[in-house]
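Visitor: I have just opened this entry and would like to learn how to read it. Could you walk me through it?

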Amino acid sequence: MSSEITAKEKPGEHPVLWVARPMATAARQFAKSLFRPSTIVYPYERLEDPEFRDRLEVASGKPFGVGHVWDNYRGVHALNIATCISCNLCAFSCPDVCIEMVSVPGGDPKHPKKCPQIDYGKCSYCGFCSDACPEGCLTMTTRYELSTPKRSEMVYSPEKLHEIFRSKLPMNPIRLARPENEDAILLDPPLCIGCNACSRDCPTQCITMLDIPKPEAKPGEKLPRRIWKEPVVNDSDCVRCGTCISVCPKECLFWGTRK
Amino acid sequence: MSEMWINMGPQHPMTHGLWNLRVRIDGETVLDVDPEMGYLHRGIEKISEDRHYNEVITLMDRTCYVAGLAWEHLYIIAAEKALRIQPPERADYLRMMCEEFQRIGSHLMWYAAFVQDIGLMSPFLYGMRDRDLVLDLFQSYTGARMTYEYMRVGGVRNDLPPGFTDQARKVLDWLIPRFKEYDQLCLGSDIFHKRCDHLGVLSASDCIRHGVTGPMLRSAGVKRDLRKNRPYSLYKDVDFDVAVADGADVTARYLVRMEEMRQSVRILRQVVDWLDAHPGPVMAETVPRWMGAPYAPVGREGYLLKRQYPKGVGFSSIEEPHGEAQAYVVNEGGEHPYRVKFRSPVFANLSAARTYLVGYHVADIPPIMGSVDVCVGECDR
Amino acid sequence: MSNVTLYSVSYLLSDAVLRAIGSVLPRPLSTWITNADLITGIAVLVFGALLLAASMLNTIVLIWWERKLLGRFMDRRGAMHVGYAGLLQNFADGFKLFRKTTVQPREADPLGFYTGPTAYMVTSMILFGILPISSGWNSGFLPLSLLLALAVFSFAPLFIFVSAWSSNNKYSLMGGMRSAAQMIAYEVPLLLAVVAVVIVAGSFDLTTIVYEQQNYWFWGPLAVALIVFFAGMLAEMERIPFDLPEAEAELVEGWNTEYGGMLFAFFMLADYLRALVGSILVVLLFLGGWTLPTWVPAALTSFPLAGIVWFMVKTYIVFGVFVWIRASLPRVRTDQLLRVGWNRMIPLSLLSVFLAALLVTVKCLPVFGCVPSLGV
């Protein structure tokens, strides 16, 4: 590596005629911006419009970017209700607690379908929810204008988010890179009572209750009162939402690495 | 006029943030100053104890709102040490790119605010205009212009979009002549030298005594840059020089920051070339599932999940645009860090205010404080 | 062209209006209403109103001009939305300020607090009654109009100081002190530079000074005086780099920190009125007023009101130079400002007086008339 340099050793500019140099620089900038100032007259010109961006780049000589600058923007969410599996992961991963799962029509009456409703008064657009979404149905779009005079209008219902989805705005194509060896749902067999709660509430229905042999009771020993079934998790279908863990009455499910 | 105290802040054009500088003046001469910080204290360290490791990143962007990615980097290094996770090499390069772009962005923001303090109007907008291009780049790969939330424990959120490196090179090519323009507007002006030479002198020994770091320390002639002295990330693989100036005055700080931006451009050219040549994963393979963005809910009753995590502590110190920032993360095996502690360089730099302000004029306070590069967000945390 | 004057226009207006009213009124009333004294009296009022309207309109357009110019210097557009290219933006701003409540700090002295801005505004507007805009477009023949203009111009520090002191704010007080020190320091070189002009022109009357520049504009022979006058005007107008009294970075808004609403608008308007007057004085004293060099085609100088048009063009260009300076220079410090004022500007202005006297004594002034680039 080269030696450290001293900034004072090569100062860029020296004053010429007191203030002639800065005034010349300002005049040069004036001449440049007479043709095209850098201002983007916002409501009429939009940087997300690629054609405008290209024209601007040519006109101003500034690298405003071509094409890709805007598409990854994290703006208002879009929700595809049809593919939502009500796994709650978006609501769980929200640091601002601005996502509430509300019922939407559809689903069987016993397990109503719940989709995220987002309060944009609280949302910080961190994108954790869309990263978390296992089905890719909650994404972020390039839409960013949502000023409204009413606070209640900042709360976007699932239907409204679905409208945004249907408007075919550019969606944020970036997905979180997922690790290979994800933790899986493990079972602590002695604690399980076979109650079926996990299998019933699993949004992806990847938990199957399998019969296990009822052990022979030794003399003097009392068998636990339980249903002789045990959950088996299909790891490839599992989205790791943890619903089973939270509904388990006996706390017998936990995260772990499958051997 | 007899002596009097005046409050410069918390709402005052000089402060650039929410802090108060109490100044005792006699006419136009400063006799004593008393910096008061804490107006922007949001308890970020305490909130972090209640957040998942990845969620702390959202707080880091708000800790320093002009150098969010640098603070993300700082926290991530400490958290990864605490959790014993090794990021892939490409993720490290991406983080270095983030930090260097952030350094340029932060220094441009400093430049804009500083020239406004000495009364220059148009360079303020030039600085903001050119910073905007850096923000455009951030937007193109992190998705946001200010609160990036880009880094994750074990890597970064996503890889670069196609065509990014060409765009980055274009921006770097655009920036270099702009730095020359800035120099013409400031160093080329006699009035600038009249205002800033031999002003706010803080000697090297005073810097070290008060814990002043960063460009202020380097402007006093001390060659200390953590990227060189204690290379973190992969800074030992890139070629750059430490910007040092002598004089320890406002002009020297200006020179150091300008040179740092040029060096950042130099680093970025190497990093961007490397990124072009070496595609690869950006997320570590050994990250447990609960380290990803979705994490397991804590259950209806709020009990923690029965999961034994590896314990550990992590310490990191990086050369943030304002100085040397440090982070300490204690992992006691839960989902959340047990304790997070940050060391803000701005806090130390501001605390030494009495040393470099007393004896100058009232009109000298804005340039001197401007040359300190105050970011109250990280100072108060 | 020369027979159309501001007074004749207002007299015609007043005459036409009163005769129109008289024609519909019955006999005794109509003779009374169209008598010569009343017509003259109303004409004077119309004269004043026209002057006021013209000065205010010009000031507001000047603010627009500064905003647009400054915008281009800063690589942006300036006001864009209200009216064509933001021309009406300042009217909207003014209307908004007009509607705002005037807040008076509890401990402020009401007398000074209210009279300060008002007097500042009024004295600045008086200046427009003095300055000639074109031949005949002035308020009459004043043999000492230049002296009067500068005297009225230098009232300002007093009122600034009064309003600063009475707002009972430390920043205001410091701003007022700085303002007073600065204006007094720069008054001297400014007047000495004017003395150089007066020596060459031989008159204190602005109209005469302009006519003296028929052969050569004074900026050639009196370049030193122009530099001193320009710098002095910058200081008097409190513009960057000499805007210490309202140095935003350290003094919030300087002496008008506590003012809001219409009182602030008074300060703002008066500041720009003074900027306009400063530019006009530069044009009158050094750039030949409303005259143009003879090599300019006659078509450009013979249309009606050509004098006023060219005068305004020159004024706005001079103001553009002020804006250019504002866009590219930082502000200096108080002690540096005073040091420059006393140590540099006064010797320079004395030198300019000496040079002017020398030029007049050795009678080499006509030399400048031979060089076409220096004026006519």
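Predicted model: local features only at pLDDT ≥ 70, side-chain atom pairs only at ≥ 80, totals over all residues.

Visitor: What does the secondary structure of chain B come to?

Guide: Chain B has 15 helices and nine strands. Its radius of gyration is 21 Å, close to the 21 Å that the globule rule gives for 381 residues, so chain B is as compact as a globular protein of that length. Along its principal axes, the C-alpha trace of chain B spans about 70 × 45 × 30 Å.

Visitor: How should I read the contacts within chain B?

Guide: Look at how far apart the partners sit in sequence. Taking contacts in chain B between residues at least 6 apart, 71% join residues at least 24 apart.

Visitor: And how many residues of chain C are in contact with chain B?

Guide: There are 24 of them, and they meet 27 residues of chain B. On the chain C side, the elements giving two or more residues are α11 (248-251), α13 (306-328) and α14 (334-362) of chain C. That side divides into 12 nonpolar, nine charged and three polar residues.

Visitor: Where in chain A is confidence lowest, and where is it highest?

Guide: pLDDT is the predictor's confidence in each residue. The lowest mean in chain A, 48, belongs to strand β1 (residues 5-6) of chain A, and the highest, 90, to strand β6 (residues 155-156) of chain A. Over residues 1-9 of chain A, pLDDT stays under 50, and the model has 21 contacts beyond four places in sequence for them. For chain A the mean pLDDT is 78, with 86% of its residues reaching 70 or more.

Terms used. Residues numbered from 1 in each chain as written. Chains lettered and ligands numbered in written order. Contact = placed C-beta atoms within 7 Å. Helix = DSSP H or I, 4+ residues; strand = E, 2+ residues; numbered from the N terminus. Nonpolar A, V, L, I, M, F, W, Y, C, P; charged D, E, K, R; others polar. Rg over C-alpha atoms; globule rule 2.2 N^0.38 Å. pLDDT = per-residue confidence, 0-100.
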